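Me: I've got a structure open and I'd like to learn how to read it. Could you take me through it one feature at a time?

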Amino acid sequence: MTHRLSIFALALVIAAGLNGCSDEQPTQHQAEHRSGLTKVGTKSWLTEQDDVRPEIWLIEHESKSDGKVAASKSGEVRRALIEASEKFNDSPRMVANRAVQLEDMLKGAGGDETAISLITMLNNAIAANRIESFGAAGQQYYNLRKAGFTGEQALDALSKRYGSRS
């Protein structure tokens, strides 16, 4: 009986030890490890560790420039990101990422909208706190476009459903 209890206790210790082992890496805080990214390059997603502002990243993504961004364009995009961030309760970085993702999805379906124009269009179509996130708004816009709506028709449908006119 004592032998069985010892084996059982050993099995519990081993199971507890294995439960503590994981392939997951510990989460690093933003200040602990920065990527050093200061230009877009081929980066298709902006992380919290990247040292580039979302508006600069978007402009460089759109123009594939060498980082020489016009100050007026930067301010305009920054304002659009701030508006979207407040309206959709997402960080400017997440709005930028989702806008680029939506741009890529639409291009794959024959669309020609840019990430920057998509942010502005969705800002204008959807009222604050009417939809859970920029990603959700973008997904609905994409679904409408895939269903055969023009960009204008899709924005009108979103505005009727989620805009201040509804």
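Here is a walk through the helices, the core and the contacts between them.

Reply: Before we start, this is a predicted model, in which local features need pLDDT of at least 70 and side-chain atom pairs count only at pLDDT 80 or more, while totals for chains, interfaces and linings use all residues. Residues are numbered from 1 along each chain as its sequence is written, and side-chain values use heavy atoms, with hydrogens and water left out.

Me: Fine. How many helices and strands does the protein have?

Reply: Helices (H or I, at least four residues) and strands (E, at least two) are DSSP runs, numbered from the N terminus. Here you get seven helices and zero strands, so the order from the N terminus reads α-α-α-α-α-α-α.

Me: What share of the protein's residues is buried?

Reply: Buried means under 20% relative accessible area, exposed over 50%, and partly exposed in between (1.4 Å probe, protein chains only). Of the 166 residues in the protein, 36% are buried. Take α2: eight of its 10 residues are buried, among them Trp57, Leu58 and Ile59.

Me: Is Glu86 buried or exposed?

Reply: Glu86 sits in helix α3, and because its relative accessibility is 56%, Glu86 counts as exposed. Glu86 and Asn129 are 43 residues apart in sequence, with their C-alpha atoms 8.9 Å apart in space.

Me: Which residues touch the most other members of the largest nonpolar core?

Reply: A nonpolar core is a set of buried Ala, Val, Leu, Ile, Met, Phe, Trp, Tyr and Cys residues joined through side-chain atoms within 4.5 Å. The largest one has 35 residues, and Leu58, Phe88, Ile119, Leu122, Ile126 and Tyr141 touch the most other members. At least two residues of this core come from each of α2 (54-63), α3 (71-88), α4 (92-108), α5 (115-125), α6 (134-146) and α7 (151-162).

Me: What does Leu122 contact, leaving aside its neighbours within four places in sequence?

Reply: Contact means heavy atoms within 4.5 Å. By that rule, Leu122's partners beyond those neighbours include Phe88, Leu102, Phe134, Tyr141 and Leu155. For the whole protein, take the contacts with a separation of 6 or more: 49% of them are between residues 24 or more positions apart.

Me: How many aromatic pairs does the structure hold?

Reply: Rings of Phe, Tyr and Trp (its six-membered ring) pair if their centres lie within 6.5 Å; planes under 30 degrees apart count as stacked, over 60 as edge-to-face and the rest as tilted. This structure holds one pair: Phe88 and Phe134, edge-to-face, 5.4 Å centre to centre with 80° between the planes. The pair links distant parts of the chain, with Phe88 in helix α3 and Phe134 in helix α6, 46 residues apart. Both Phe88 and Phe134 are buried.

Me: At what angle do α5 and α6 pack?

Reply: Axes are lines fitted to C-alpha atoms, for helices over the stretch in contact, and angles run from 0 to 180 degrees between N-to-C directions. Under 35 degrees counts as roughly parallel, over 145 as roughly antiparallel, 65 to 115 as roughly perpendicular and the rest as oblique. For α5 and α6 the angle is about 95°, with the axes 11 Å apart, so the two are roughly perpendicular.

Me: And where do α5 and α6 meet?

Reply: Leu118, Ile119, Met121 and Leu122 in α5 meet Phe134, Ala137, Gly138 and Tyr141 in α6.
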